[in-house]
Amino acid sequence: MVKRNGFTKLFAAVTLSITILGSTMPMNSFAAKKPWYEDSVNQLVKSGVMNTTRTTPLDKVKAGDFLKAAVLWFTYNHGEDFSKVVNDLQWVKIGEIKSNNEPLKRGEAVRIIIRAMGLDNKESKSLKDYMEQGVKLGLVKGYGRGSLGENDRVDYAQLATIFINARKIQNASTDNKGVEKVSMENFFKTPSTLGYSLSPDGKYLAYVAPWESRRNVFIVPADGGEAKRITSSKDRDIADYAWKDDKIIYLKDNGGDENYHIYLAGMDGVTEDKDLTPYPGVLSYYVDMLKGNKNEILITTNKKDPRVFDIYKLNILTGETTMVAQNPGNITGWLTDGDGKLRIAGSNDGIECKILYREKEDDEFEPLLETKAGESFTPIMFSSDNKSIYATSNVGKDTAAIVKLDLDTKKQAVIYERKDVDVSSIIINPTTREVLGAVYNTDKVRAEIFNKDLKEIFNRVSSKFGNDKEVGIKDLSKDMNKFILSVGSDRDPGAYYFYDSTTDKLKKLGDILPSINPEKMAKIIPVSYKSRDGLTIYGYLTLPVNKIPQKLPVIVNPHGGPWARDSWGYNPEVQFLANRGYAVLQVNFRGSTGYGKKFVEAGNKQWGLKMQDDITDGVQWLIKQGIADPKRVGIYGASYGGYATLAGITFTPDLYAAAVDYCGVSNIFTLLNTIPPYWESQRKMFYERVGDPAKDKELLTKVSPVFHADKIKTPLFVAQGANDPRVNKAESDQIVDALKKRNINVEYMVKENEGHGFANEENRFDFYKAMESFFAKHLIRHE
């Protein structure tokens with residue numbers, strides 16, 4: 001071992017100067033040895049942690065620079081401000097480092113690294129303690145007499161060595177063999193239980209569970225007892241349900257056409273369910289269960305005109321409908337007050353919006369407020385006195401906040417807002433309609449609870465599950481004593497619990513996918529990086545379990561929408577791919593929602609351009625980090641994600657080795673020409689965000705993959721539902737036909753009884769089995 005005394009430092013500095021100057025002078029064998037730190041430094045330079053144009057290995061490291069380097073080395077938040085990451089992860093506690101501009105002590109560096117690795121034993125208190133722990137771990141080789149002490153200053157060479165040692169320690173726990181394969185069916189089978197809710201009287205629980213491989217509704221006494229199935233759907237899953245007093249109303253479509261009918265369940269489990277809206281080719285859904293009205297509910301349906309939705313009262317016993325409000329042609333949303341009276345309407349042409357209001361149901365609707373392009377004001381509910389409404393609004397700000405609007409004075413009060421992300425929804429007391437909290441999504445879904453009593457209850461019950469679990473309130477009783485909770489994580493599909501706060505008793509109601517062992521699942525890691533034009537891009541990286549994250553096969557998985565976003569939590573597709581040995585990258589590219597209106601608008605008319613660049617930049621970032629094998633990168637997406645898949649292999653044909661397009665867009669002209677009739681009011685929005693077929697003909701031709709199919713050379717698998725109302729089957733037919741004309745073999749799966757994605761279990765099994773085989777053929781077998 002070479003002691004790092006003053007002589008060694010001097011020799012290293014001399015050797016470095018010779019290397020930099022590029023001298024060709026002869027050196028003896030001793031001098032020809034490369035510096036002890038060279039390999040470590042080179043690794044950090046290659047991954048972007050060190051910049052040799054500004055630093056040399058023997059320069060002393062300032063605290064701020066060390067922390068920034070640590071963030072780049074130990075996290076994947078490379079687009080975030082390093083000080084925020086350090087603060088969030090609590091690598092440095094208050095008072096430990098006085099200035100980021102001062103050179104860092106060796107003991108301070110070791111303490112930071114131990115915390116970054118999650119190995120703080122809580123017993124180490126002084127820098128000396130941490131140094132001794134660092135020696136035991138193998139972070140540093142020398143401490144004490146004859147070696148550098150805890151107060152010596154750290155140089156970049158030492159930084160590099162400590163970082164590399166830490167990586168070796170982290171990798172030592174894996175044998176790089178992965179984990180045992182979990183059967184594909186276990187990931188994609190119909191969940192064992194979903195969607196618990198309390199009956200209005202609190203006596204029963206309803207939930208969804210499989211019967212004949214389809215999701216059906218069951219009820220069970222809240223105080224325990226035998227569950228009873230009350231629906232008998234064999235052709236399609238039940239899409240949604242709601243309590244109407246002591247009855248169940250539910251929605252179901254036909255073969256994926258998304259024309260949902262409203263059904264009344266036969267509550268005895270024997271009587272045949274009744275289709276209350278038996279109109280072919282018509283979409284209906286419920287708006288208000290009309291509390292206090294025994295036999296009627298409020299619904300909206302487009303049976304009169306397929307382009308717009310009118311409001312009706314529906315008698316759930318006879319099926320008779322009575323019109324309450326006729327849509328003049330421009331209304332895109334309705335809201336009832338606490339008494340079930342229809343008093344708010346939204347007029348939206350896709351660009352500008354008007355919120356209309358009436359004090360009584362027999363009054364005419366009058367304008368309440370207007371929004372401009374890019375702005376949104378979305379009413380959520382009326383206040384308990386019906387004199388105000390709560391809404392999400394980004395009017396006058398970048399991110400959406402929860403606001404309360406007084407209907408008489410038109411004054412707004414901000415209830416809760418954030419500067420980093422949109423606030424998406426509220427938690428309410430079902431009886432008093434008091435706003436109890438707000439929900440938002442940063443790297444994870446989080447809640448800010450205002451009500452003191454609820455906050456205490458929530459903290460108490462959350463502590464029963466640990467910090468790695470995400471606890472959600474799915475339903476609560478009128479007295480706020482009984483709760484239905486969902487509890488899960490990125491590795492755990494989750495379970496439902498019934499919690500009684502008066503007794504502090506917790507009862508598990510059911511596991512969503514009991515066949516999944518969380519210990520075999522992979523962690524989903526929030527990431528960030530900078531796009532080529534400097535925009536911070538957020539997303540998630542999932543690394544396969546028991547695999548060293550180097551030169552891995554990668555699947556890039558762009559989300560659909562595109563006006564949506566990926567979130568942290570259990571994702572069966574991601575876990576399935578990770579279980580098969582792939583790293584999975586999910587990218588919230590510009591145009592994704594949740595990060596404010598500027599981020600959404602940055603995606604306007606950028607399909608196939610900057611939106612695609614954000615995805616490409618993510619791939620290149622993974623390659624630079626050494627995680628991705630550049631020869632084994634695949635891409636898979638559905639809907640807009642399917643478009644991004646086709647755009648990826650069209651406009652960056654050398655980047656991907658395999659691609660799976662699931663009901664994706666190939667021709668933007670035909671997409672815009674075949675949108676569902678009830679999306680017609682949003683056509684201006686499509687033209688603004690995607691492009692106008694007349695005014696932007698050149699742009700849309702440029703970014704539609706079907707017109708550039710001659711560039712495609714990546715193996716492609718396409719899957720499509722024949723009844724898809726959003727992305728018609730013609731979108732997939734076009735790209736498949738274009739490639740076949742060039743004698744390029746394309747795997748093509750069409751399901752005649754499916755729509756926008758495969759809902760039926762047997763079809764899901766067929767698709768994921770084929771996808772697994774396809775990726776294995778092109779990515780795994782070419783290792």
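Which residues in H12 meet which residues in H13? Met611, Gln612 and Ile615 in H12 meet Tyr640, Ala644, Ala647 and Gly648 in H13. The residues of this contact comprise 5 nonpolar, 2 polar and no charged. The model is predicted, and the mean pLDDT of the protein is 92.

**Confidence**
- A pLDDT of 70 or more is reached by 95% of the residues.
- Over residues 1–31, however, pLDDT stays under 50.

**Helix packing**
- Two packed helices are described by the angle between their axes and the distance between the axes.
- The axes of helix H12 (residues 610–624) and helix H13 (residues 640–651) cross at roughly 75 degrees and come within 11 Å.
- H12 and H13 are therefore roughly perpendicular to each other, as angles of 65 to 115 degrees count as such.

**Salt bridges**
- The count of salt bridges comes to 34.
- Glu180 and Lys520 meet through their side chains in a salt bridge (3.1 Å, N to O). Glu180 lies in the loop between helix H7 and helix H8 and Lys520 in the loop between strand S27 and strand S28, so the pair ties together parts 340 residues apart in sequence.
- Glu180 counts as exposed, at 57% relative accessibility, whereas Lys520 counts as partly exposed, at 29%.
- Helix H12 also holds Asp617, whose side chain meets that of Arg532 in a salt bridge (2.7 Å, N to O). Asp617 is buried, with a relative accessible area of 11%, while Arg532 counts as exposed at 55% relative accessibility.
- A network of salt bridges links Glu96, Arg111, Arg115 and Asp120.

How values were computed. Residues are numbered from 1 along each chain as its sequence is written. This is a predicted model: local features need pLDDT of at least 70, side-chain atom pairs count only at pLDDT 80 or more; totals for chains, interfaces and linings use all residues. Side-chain values use heavy atoms; hydrogens and water are left out. pLDDT is the predictor's confidence in each residue, from 0 to 100. Contact means heavy atoms within 4.5 Å. Axes are lines fitted to C-alpha atoms, for helices over the stretch in contact, and angles run from 0 to 180 degrees between N-to-C directions. Helices (H or I, at least four residues) and strands (E, at least two) are DSSP runs, numbered from the N terminus. Angles under 35 degrees count as roughly parallel, over 145 as roughly antiparallel, 65 to 115 as roughly perpendicular and the rest as oblique. Ala, Val, Leu, Ile, Met, Phe, Trp, Tyr, Cys and Pro count as nonpolar, Asp, Glu, Lys and Arg as charged, and the others, Gly among them, as polar. A salt bridge is a side-chain nitrogen of Lys or Arg within 4 Å of a carboxyl oxygen of Asp or Glu. Buried means under 20% relative accessible area, exposed over 50%, partly exposed in between (1.4 Å probe, protein chains only).
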